[in-house]
Amino acid sequence: MSNPKPAPNGWIILDKPRGLGSTQGVAAVKRNLREGSYSKTKVGHGGTLDPLAEGVLPIALGEATKLAGRMLDASKIYEFTVKFGEETDTLDTEGAVIGTSDVRPARTDVQAILPEFTGAIEQVPPAYSALKVDGKRAYDLARAGEAVELKTRAVTIHSLTITGNSDSTPDGDASVTLTAHVSKGTYIRSLARDIARALGTCGHVTYLRRTKAGPFTQSQAISLDKLNEVSSGAPLKDLLLPLEAGLDDIPALNLNQTDAQAVRQGRVLSELPQSDGLYCAMLDNVPVALVELIEGTTKIVRGFNLPDVAE
């Protein structure tokens, strides 16, 4: 057997298909790396996406896994369709119908109510969620037929707009497709439920797609079929985004060789002229560390162990 290829560092943005869990997405990346003869690589995802949801799933490889936590905290954009007239226990198409209504709100009614759900709002997460209640997953309790009481949580809806022009599906059931830019911890299924209730009806999500997660957009996402080509020898570099792509919103702090060495050894740099804040410390084009600058002095947030030259 030939020598394994070096373990990669960076991001694969998977366009996760409906029906695939986030952990299955990670497993698919691991399998392709293994079958593509790459050295053992640490792999993690930057934010769970329900099996029924599709779209942008950032998967971190190697040193980029140190940034996966930041991705969990990042804001996200979703496109979703609410079908009015039926509420299900899961708040999506998978559950049993638990409420019905004959009310079908007009598009203008939906438009008028959206400001009430924009900005800082409170929402109750779905019973079918991965949140824990007394040490057990809420969805496990719900599936077992137990009543699940989840606490209200504060989230932020940065923007909420109607997408497209149609306010009815082909079969004539009133529905609306919305685009929401939301903070971490927001449940789109709860948002859909609450919008429907505020319109004097009930509803559930029939379509859910994440179009942006942190700095990553669907234009950067690859299909599962494209990913699977890696196991047959397709070059990974064509699919891999660099580690610093996960820090697109953070300015670079360019270092010389001496300062880069100091940072790698955990020593602080001082009397730097830049303003306070987070920076990606770089040596040429190689990320050295995520640092916080406080009054001209560096504090290392995460160090990266990357080779100085691309291999």
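This is a predicted model: local features need pLDDT of at least 70, side-chain atom pairs count only at pLDDT 80 or more; totals for chains, interfaces and linings use all residues.
On a 1 Å grid over the protein atoms alone, a cavity is defined as a set of points where a 1.4 Å probe fits but cannot get out, and a pocket as an open set with protein on both sides within 12 Å along at least five of seven lines; lining residues have an atom within 4 Å of a point. Grid points are joined across faces, edges and corners, and a volume is the space filled by probe spheres set on the points. Residues are numbered from 1 along each chain as its sequence is written, and side-chain values use heavy atoms, with hydrogens and water left out.

The secondary structure of the chain comprises seven helices and 17 strands, where helices (H or I, at least four residues) and strands (E, at least two) are DSSP runs numbered from the N terminus. The C-alpha atoms fill a box of roughly 70 × 55 × 45 Å along the principal axes. Of the 311 residues, 45% count as buried; buried denotes under 20% relative accessible area, exposed over 50%, and partly exposed the range in between (1.4 Å probe, protein chains only).

One cavity of 30 Å³ or more is found in a search of the whole structure. The largest cavity has a volume of about 70 Å³, and its lining consists of Arg18, Asp50, Leu52, Ala53, Asp92, Thr93, Arg189, Val205, Thr206, Tyr207 and Leu208. Strand β12 gives the most to this lining, with four residues. By class, the lining of the largest cavity divides into five nonpolar, two polar and four charged residues; here Ala, Val, Leu, Ile, Met, Phe, Trp, Tyr, Cys and Pro count as nonpolar, Asp, Glu, Lys and Arg as charged, and the others, Gly among them, as polar.

The largest pocket has a volume of about 1200 Å³. Its lining contains 35 residues, of which Thr48, Leu49, Asp50, Ala130 and Tyr187 lie nearest the centre. At least two lining residues are supplied by each of α1 (22–35), β4 (76–84), α4 (138–143), α5 and β12 (203–213). The lining of the largest pocket divides into 14 nonpolar, eleven polar and ten charged residues.

Helix α5, which spans residues 188–198, is mostly covered, with nine of its eleven residues buried. Among the buried residues of α5 are Ile188, Arg189, Leu191 and Ile195. Just after α5, glycine 200 adopts a positive phi of about 75°.

One aromatic pair is counted, under the rule that rings of Phe, Tyr and Trp (its six-membered ring) pair if their centres lie within 6.5 Å, with planes under 30 degrees apart classed as stacked, over 60 as edge-to-face and the rest as tilted. The ring centres of tryptophan 11 and phenylalanine 216 are 5.1 Å apart and the ring planes lie at 50°, so the pair is tilted. Because tryptophan 11 belongs to strand β1 (residues 10–16) and phenylalanine 216 to strand β13 (residues 216–217), the pair ties together parts that are 205 residues apart in sequence. Tryptophan 11 is buried, with a relative accessible area of 0%, and phenylalanine 216 likewise counts as buried at 0% relative accessibility.

An open sheet of four strands, with mixed pairing, has the order β14-β15-β16-β17; two strands pair if DSSP finds at least two bridges between them. The edge strands, β14 (252–255) and β17 (297–303), each pair on one side only. Strands β15 (residues 277–283) and β16 (residues 286–294) run antiparallel and are joined by seven bridges, and leucine 278 has glutamate 292 of β16 as its bridge partner. The pairing of β16 with β17 is also antiparallel, over six bridges, with glycine 303 of β17 as the bridge partner of alanine 289. These two strands form a hairpin with two residues between them, and glutamate 295 in the turn has a positive phi of about 50°. Glutamate 295 counts as exposed at 71% relative accessibility.

Leucine 91 also shows a positive phi, of about 65°, although it is not a glycine. Leucine 91 is placed in the loop between β5 (86–88) and β6 (97–100) and counts as buried at 4% relative accessibility. Lysine 237, in the loop between α6 (224–228) and β14, counts as exposed at 64% relative accessibility.
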